[in-house]
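Here are some notes to read alongside the sequence and the 3D view. Please keep both open and look up each residue as it comes up.

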Amino acid sequence: MNERGVGRGIRRSGVKREDIFLVTKLWPTEYADGERAIDATLARLGTDYVDMLILHQPVGDYIAGYKAMEKAYAAGKVRSFGLSNFPEDRIRKVIDECEIVPQLVQVEAHPYFPQTELKKFLAPRGMALMAWYPLGHGDRALVGEEVFTRLAAKYNKTNAQIILRWHVQSGNIVIPGSKNPEHIKSNLDIFDFALTEGEMKEIAALDKNTRYYNMSLEDAAKAYLSLDMDFDNQE
């Protein structure tokens, strides 16, 4: 629901389009009419292509949505593909029934839920993992873990910066959201140090197989397929 605003921001930025990696998503109710929906997305953004298009949820006719993305790829409208919140079995279904292997899977991932098994599936297929809730939805128990406090003091960083550095060294794509300019700067300031192998193992020991988002796919289908999103009436 922010595509028009993003498009305005790109045009006003003065940055060349080819220097921007533009990502958006295809909503579940639009999967069945994906070709039209993709064209409408491009019109709202004011661009003739997006660098990555992601299927929002593995509900509804997501195979039809993915095949529409493949047609858009052939037409030069989409340059890479992603899946959001897809478990392994539904990723396999996409790979088995479609032509192009997705490049990215976006899922909840953080030190309490590092997606170890999913990453074992993705790696040999050349698929990257993008983490949402990278700081555990701001859970103070996670961010305040003793190992992060100790390492923050050692490297003169914040606990959040230690967690983000762990993500990067784990091979995760991570884009933490913030509206606070200082937090945004801080989130980027993680490339002047590196955690040791031993420190990475300490953090790995925090794995509790605990996630913060627990909606079932059945409930997600009811929720997302019932929402009547008026994409054309954006600000």
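Predicted model: local features only at pLDDT ≥ 70, side-chain atom pairs only at ≥ 80, totals over all residues.

1. Two strands are said to pair if DSSP finds at least two bridges between them. Helices (H or I, at least four residues) and strands (E, at least two) are DSSP runs, numbered from the N terminus.

2. Residues are numbered from 1 along each chain as its sequence is written, and side-chain values use heavy atoms, with hydrogens and water left out.

3. The sheet as a whole is open and has six strands, in the order β1-β2-β3-β4-β5-β6, with parallel pairing. Its edges are formed by β1 and β6 (173–174), each of which has a single partner strand, so one side of each is left without a neighbour in the sheet.

4. At one end of that order, β1 (residues 23–26) and β2 (residues 52–55) pair in the parallel sense over four bridges, with V23 standing opposite M52 in β2. The chain passes from β1 through α2 to β2 in a right-handed β-α-β crossover; right-handed here means that, with the strands pointing away from the viewer, the path from the first strand over the helix to the second runs clockwise.

5. Helix α3 lies across β1, β2 and β3, and runs at about 160° to β3. For such angles, axes are lines fitted to C-alpha atoms, for helices over the stretch in contact (heavy atoms within 4.5 Å), and the values run from 0 to 180 degrees between N-to-C directions.

6. Which residues touch the most other members of the largest nonpolar core? Of its 34 residues, they are I38, L55, Y66, I91, V94, L118 and L122. The largest share of this core, six residues, comes from α3. A nonpolar core is a set of buried Ala, Val, Leu, Ile, Met, Phe, Trp, Tyr and Cys residues joined through side-chain atoms within 4.5 Å, where buried means under 20% relative accessible area, exposed over 50%, and partly exposed in between (1.4 Å probe, protein chains only).

7. Leaving aside neighbours within four places in sequence, I91 is in contact with L83, F86, V105, L118, F121, L122 and M127. A second, separate core has 19 residues, including I162, L164, W166 and V174.

8. Salt bridges deserve a separate look, and a search of the whole structure finds 16 of them, each being a side-chain nitrogen of Lys or Arg within 4 Å of a carboxyl oxygen of Asp or Glu. In one of these, E35 is joined to K71, the closest N and O atoms being 3.4 Å apart. E35 lies in helix α2 (residues 34–45) and K71 in helix α3 (residues 62–74), so the pair ties together parts that are 36 residues apart in sequence.

9. E88 is partly exposed at 30% relative accessible area, and R92 is partly exposed at 37%.

10. D189 forms a salt bridge with K157, their closest N and O atoms being 3.3 Å apart. Are these two residues buried or exposed, or in between? D189 is partly exposed, at 37%, whereas K157 counts as buried, at 13% relative accessibility.
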